[in-house]
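Please look over the sequence and the model shown below.

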Amino acid sequence: MFDKLEEINSRSAPFQFYTTEELWTDEHTSKKMLEFHLNETMDLSSRNAEFIDRSVQWIVSRFGVGKNSQVADFGCGPGLYATRLAEHGADVTGIDFSRRSIEYARQVAEKKGLDITYIQRNYLEFDTEQRFDLITMIFCDFCALSPVQRKSLIAGFLTFLKPGGAVLLDVHTLNILRNREEAAGYERNQLDGFWSPDDYFGFVNTFKYDDERVTLDKYTIVEKNRTRVVYNWLQYFSRESLADEFESSGFQIEAFYSDVAGTAFSPDSPDMAIVARKGE
């Protein structure tokens, strides 16, 4: 028992383990994640409906999205942004890990008569001959990726964009990192049964890596017949560090905002959005 508790409370090297696929492909947790996505009043898997509506209106205006615009939404989930952008006339491609979310998004598109291309795939492995005017990656998905993964993804963005095309994505700032503390705890059926339909004990250990500007929420889910570990990594950014990742890959930084609805940038904001553009 002591050795098991030692293992549960052990600290990993930053981004040593990557378990995102398990979170989004497990039958039970993917169902729970979809429920969170579709709760229009909550900012959990997606932002609330009022914000999304306001955000899409700004995106359409800011990037001139309309008929014949080619848009790719990385981490599209159940199509909350993709659907709205397609309703403005854009030719939208949505890419997401979750089969359940993609199936839901396809059903919505069919019901609304929208011709949206949805691809169930790890967006780190996505490839296409199509070229886009705009690539979006919303709700701080970028923060969950390791430095190596982010570099590869940005290189892909550069390839997938038309000359003059833009990327819009958001991240967590150092303001959130400053307020995070290391902690440990456990609970029976943690998070109201989020991890399994069966009884389990859920352990969560929060580790903070100040030098790397990273946190880890490590979840150990102990069921009667199996034990799983899920690693939720988050990278936090300054304007300088985020700009450097894009500029070093050949992008030009066009603007920073406090969110993907075009709110003016504030140094006190918990999040920030970046617009990076490919050269002509």
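How many bridges join strand 6 to strand 7, and do these strands run parallel or antiparallel? The model is a predicted one, and in it strand 6 and strand 7, the latter made of residues 200–209, are joined by six bridges and run antiparallel. One of the residue pairs involved is Tyr186 with Phe203, the latter being the partner in strand 7. In general, the strands of a sheet pair through backbone hydrogen bonds, in either a parallel or an antiparallel way.

These two strands belong to an open sheet of four strands, ordered 6-7-8-9 and paired antiparallel. The edges are taken by strand 6 (183–188) and strand 9 (227–235); each has a single partner strand, so one side of each is left without a neighbour in the sheet. On average, and with direction ignored, neighbouring strands of this sheet are turned by 15° against each other.

The next topic is a pocket. Empty space of this kind is shown by rolling a probe the size of a water molecule over the atoms. The second largest pocket has a volume of about 160 Å³. Its lining consists of 13 residues, and those nearest the centre of the pocket are Phe237, Ser238, Arg239, Phe265 and Pro267.

Which helices each supply at least two residues of this lining? They are helix 8 (174–178) and helix 10 (239–247). Helix 8 gives the largest share of the lining, with three residues. Sorted by class, the lining of the second largest pocket holds five nonpolar, five polar and three charged residues.

Methods
Residues numbered from 1 in each chain as written. Predicted model: local features only at pLDDT ≥ 70, side-chain atom pairs only at ≥ 80, totals over all residues. Heavy atoms only, no water. Pairing = 2+ DSSP bridges. Axes fitted to C-alpha atoms, helices over the stretch in contact; angles between N-to-C directions. 1 Å grid on protein atoms, 1.4 Å probe; cavity = no way out; pocket = protein on both sides within 12 Å on 5 of 7 lines; lining within 4 Å. Points joined across faces, edges and corners; volume = space filled by probe spheres on them. Nonpolar A, V, L, I, M, F, W, Y, C, P; charged D, E, K, R; others polar.
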